[in-house]
Amino acid sequence: MTVFCFLWIPLFYLFWRSLYDAHPQEGGTWALLLGTVVAFIRFFLGSFVYAEGFGYARWISACIDVVALNAVIPFIVCIIFSLFRIISFKANFTNYALLWLIPVAAVSGVGWSSQNNPILLMGVPVLWTALAVGIGFFIRIVQKGWSWAMIPSILGAFALPLLAATAYWALFAQHSLLGLSLGGLCLVPMTASIVLSFFEKRNGDSRNGNSFV
């Protein structure tokens with residue numbers, strides 16, 4: 001399970017890049033560097049929320065310490081970088097988030113390995129991936145300027161991390177059916193993005209720079 005935590009996101013990133021023609025990753029070095037720094041800082045600082053049992057504090061801990069914030073931080077950094085023109089707002093934020101999460105998953109896997117908990121070592125990396133691709137999917141819609149989908153996309157980008165944290169909380173609290181159902185909902189935007197990207201690549205749009213991703 002620890003190996004899964006180490007390898008899932010790097011392997012998924014390679015799969016993600018295979019969906020469209022390779023090109024230089026804008027901000028990729030920054031993503032790996034800052035992701036590593038933040039991962040080690042959070043590792044040494046430990047949990048920010050003290051949680052016992054399966055109540056509200058545990059859900060807040062899921063948001064801040066485990067699931068949501070770890071996947072949201074790279075998007076916040078991306079937006080700040082785009083405001084200062086370090087990277088373009090048209091950059092692929094999903095690539096940036098996935099690269100950022102590679103060291104986060106590795107450092108977290110070291111910390112979680114002693115617990116031998118499949119929810120942490122397998123469920124959380126999958127939820128991080130769903131957030132990285134799902135939030136990136138919603139941001140890409142905003143980048144495209146599709147006015148009819150702007151508000152739903154913005155709401156989706158804010159709701160998805162909370163949904164993922166709730167899925168983790170439900171699994172942790174042994175509400176398996178609820179946790180799996182919410183986890184499945186988290187995967188819907190990621191699946192939509194992958195399917196759209198696959199068909200656009202198949203139709204040759206990626207060669208012309210028209211790929212959705």
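A volume is the space filled by probe spheres set on the points, which are joined across faces, edges and corners.

I noted that this is a predicted model, in which local features need pLDDT of at least 70 and side-chain atom pairs count only at pLDDT 80 or more, while totals for chains, interfaces and linings use all residues. Residues are numbered from 1 along each chain as its sequence is written, and side-chain values use heavy atoms, with hydrogens and water left out.

**Second largest pocket.** I read a volume of about 330 Å³ for the second largest pocket. Its lining holds 14 residues, and Ile 79, Ile 135, Ile 139, Ala 157 and Phe 158 lie nearest the centre. Helices here are DSSP runs (H or I, at least four residues), numbered from the N terminus; those that give two or more residues to this lining are H4 (68-83), H6 (118-144) and H7, and H7 supplies the largest share, five residues. I then sorted the lining by class (Ala, Val, Leu, Ile, Met, Phe, Trp, Tyr, Cys and Pro as nonpolar, Asp, Glu, Lys and Arg as charged, the others, Gly among them, as polar), and found 13 nonpolar, one polar and no charged residues.

**Largest pocket.** For the largest pocket I read a volume of about 520 Å³. Of its 22 lining residues, Gly 46, Ser 47, Asp 65, Val 66 and Trp 112 are the closest to the centre. Two or more residues each come from H2 (28-45), H3 (56-66), H5 (93-112) and H7 (150-172), with H5 giving the most, five residues. By class, this lining divides into 12 nonpolar, seven polar and three charged residues.

**Whole protein.** I counted eight helices and zero strands. The C-alpha trace spans about 50 × 35 × 30 Å along its principal axes. The radius of gyration, taken over C-alpha atoms, is 17 Å, which agrees with the value near 17 Å for a compact globule of 213 residues. I also noted that 49% of the 213 residues count as buried, meaning under 20% relative accessible area with a 1.4 Å probe, protein chains only.

Methods
1 Å grid on protein atoms, 1.4 Å probe; cavity = no way out; pocket = protein on both sides within 12 Å on 5 of 7 lines; lining within 4 Å. Rg over C-alpha atoms; globule rule 2.2 N^0.38 Å. Buried < 20%, exposed > 50% of the residue type's maximum accessible area, 1.4 Å probe, protein only.
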